[in-house]
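User: I'd like to learn how to read helix packing and ring pairs in a model like this one. Could you take me through it step by step?

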Amino acid sequence: FRLFLTPAKTGLARLARPRGLWAWLLLASGLVYWGLRAAPLEEIWASLGNLRPESLLALAGLNGLILALFAARWQLILRAQGLRVPLGALLRYRLASFSLSYFTPGPQFGGEPLQVYALHVRHPVPASTAISSVTLDKLFELLVNFAFLVFGVLVALEGRLYPALTPERALPVALGLLAGPLAYLAALASGERPLSRLAGALGARAARLSGKAGALRVSRRLLAAGEALASAEQQAAEFFRRR
């Protein structure tokens with residue numbers, strides 16, 4: 001709520017009105033209800049009930065530390081790009097991103113555009129720099145997650161924890177997931193910009209399919225988006241090669 005209701009300069013001041021606030025509260029309540037319907041609440045409470053108060057405090061503290069480290073990694077990337085954003089603000093944006101990702105398909109993505117938006121409208125950060133910082137942060141996160149996944153698969157295979165899990169089935173999938181962020185980082189290190197090339201090719205094809213009437217309008221929009229993406233990818237490449 002603080003993310004959207006504060007900045008009047010962004011054109012979202014109308015959301016700070018009581019009617020706008022109630023609309024956000026109603027939407028959030030509906031999403032929470034929808035998310036909790038499928039949650040095994042009895043099992044969750046039973047598991048938490050078996051823990052002592054000091055164990056619950058330790059778990060809460062560990063989760064808070066992990067969230068702070070997520071925000072600190074993002075802050076380090078921004079500092080390397082010559083920008084200083086308070087850690088508390090980045091932590092709020094990260095929490096908002098997690099909240100949005102929880103209600104979107106897939107466990108990995110969903111809230112990143114919100115991080116870019118918050119960084120751009122609430123701080124003097126160019127849109128391309130915001131995109132590049134969030135992209136690099138997500139790349140490092142995926143790299144660690146998929147490396148841990150490969151390690152977990154190897155442990156499961158070595159200990160024969162799941163008889164149906166065979167190396168022929170599990171290892172190609174795990175290694176394939178790990179190869180994605182590794183290949184992209186290698187491309188950035190070599191000075192390549194694969195996403196910019198892909199966006200340019202898709203934009204040219206979309207402009208051709210749109211016909212003569214809408215070609216100019218589509219081309220302008222795609223050109224603006226392509227320029228922002230190219231600038232962001234160039235900054236990411238420079239960051240990875242020099243920092």
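User: How are α7 and α8 oriented to each other?

Analyst: Keep in mind that this is a predicted model. For orientation, we look at the angle between the N-to-C directions of the two axes, and an angle over 145 degrees counts as roughly antiparallel. Here the axes of α7 and α8 (residues 167-189) cross at roughly 155° and come within 9 Å, so the two helices are roughly antiparallel to each other. Their crossing is left-handed.

User: Which residues of α7 and α8 meet?

Analyst: On the α7 side, the residues include Leu139, Leu142, Leu143, Phe146, Val150 and Leu157. Among their partners in α8 are Pro167, Ala170, Leu171, Leu178, Tyr184 and Leu188.

User: What classes of residue make up that contact of α7 with α8?

Analyst: Sorting the residues by class gives 22 nonpolar, one polar and no charged.

User: At what angle do α4 and α7 cross?

Analyst: Helix α4 covers residues 53-80 and helix α7 covers residues 127-158; their axes cross at roughly 130° and come within 9 Å. An angle that falls in none of the parallel, antiparallel or perpendicular ranges counts as oblique, which makes α4 oblique to α7. The crossing of these two helices is right-handed. From α4, the contact uses Phe70, Arg73, Trp74, Ile77 and Leu78; from α7, it uses Ser133, Val134, Leu136, Asp137, Phe140 and Glu141. By class, this contact of α4 with α7 holds seven nonpolar, one polar and three charged residues.

User: Is serine 133 buried or exposed?

Analyst: Here we go by relative accessible area, with under 20% counting as buried. Serine 133 sits in helix α7 and is buried, because its relative accessibility is 0%. Setting aside neighbours within four places in sequence, serine 133 is in contact with Trp74, Ile77, Leu78, Gln81 and Leu119.

User: How many aromatic pairs does the count come to?

Analyst: For this feature, we check how far apart the ring centres lie and how their planes are angled. The count comes to two aromatic pairs. Phenylalanine 70 and phenylalanine 98 form a tilted pair, with 5.9 Å centre to centre and 50° between the planes. This pair links distant parts of the chain: phenylalanine 70 belongs to helix α4 and phenylalanine 98 to helix α5 (residues 87-102), 28 residues apart. Phenylalanine 70 counts as partly exposed because its relative accessibility is 23%, and phenylalanine 98 is partly exposed at 31%. In the other pair, phenylalanine 148 and phenylalanine 151 are also tilted, at 6.5 Å centre to centre and 40° between the planes.

User: Why are phenylalanine 148 and phenylalanine 151 separated by about one helical turn?

Analyst: That follows from their spacing: they are three residues apart in helix α7, so about one helical turn separates them. Both phenylalanine 148 and phenylalanine 151 are exposed.

User: How many helices and strands does the protein chain have?

Analyst: Stepping back to the whole chain, there are ten helices and zero strands. Buried residues account for 27% of the 243 residues. For contacts across the sequence, we take those between residues at least 6 apart; in this chain, 62% of them join residues at least 24 apart.

Conventions. Residues are numbered from 1 along each chain as its sequence is written. This is a predicted model: local features need pLDDT of at least 70, side-chain atom pairs count only at pLDDT 80 or more; totals for chains, interfaces and linings use all residues. Side-chain values use heavy atoms; hydrogens and water are left out. Axes are lines fitted to C-alpha atoms, for helices over the stretch in contact, and angles run from 0 to 180 degrees between N-to-C directions. Helices (H or I, at least four residues) and strands (E, at least two) are DSSP runs, numbered from the N terminus. Angles under 35 degrees count as roughly parallel, over 145 as roughly antiparallel, 65 to 115 as roughly perpendicular and the rest as oblique. A crossing is left-handed if the near helix is turned anticlockwise from the far one by less than a right angle, and right-handed if clockwise. Contact means heavy atoms within 4.5 Å. Ala, Val, Leu, Ile, Met, Phe, Trp, Tyr, Cys and Pro count as nonpolar, Asp, Glu, Lys and Arg as charged, and the others, Gly among them, as polar. Rings of Phe, Tyr and Trp (its six-membered ring) pair if their centres lie within 6.5 Å; planes under 30 degrees apart count as stacked, over 60 as edge-to-face and the rest as tilted. Buried means under 20% relative accessible area, exposed over 50%, partly exposed in between (1.4 Å probe, protein chains only).
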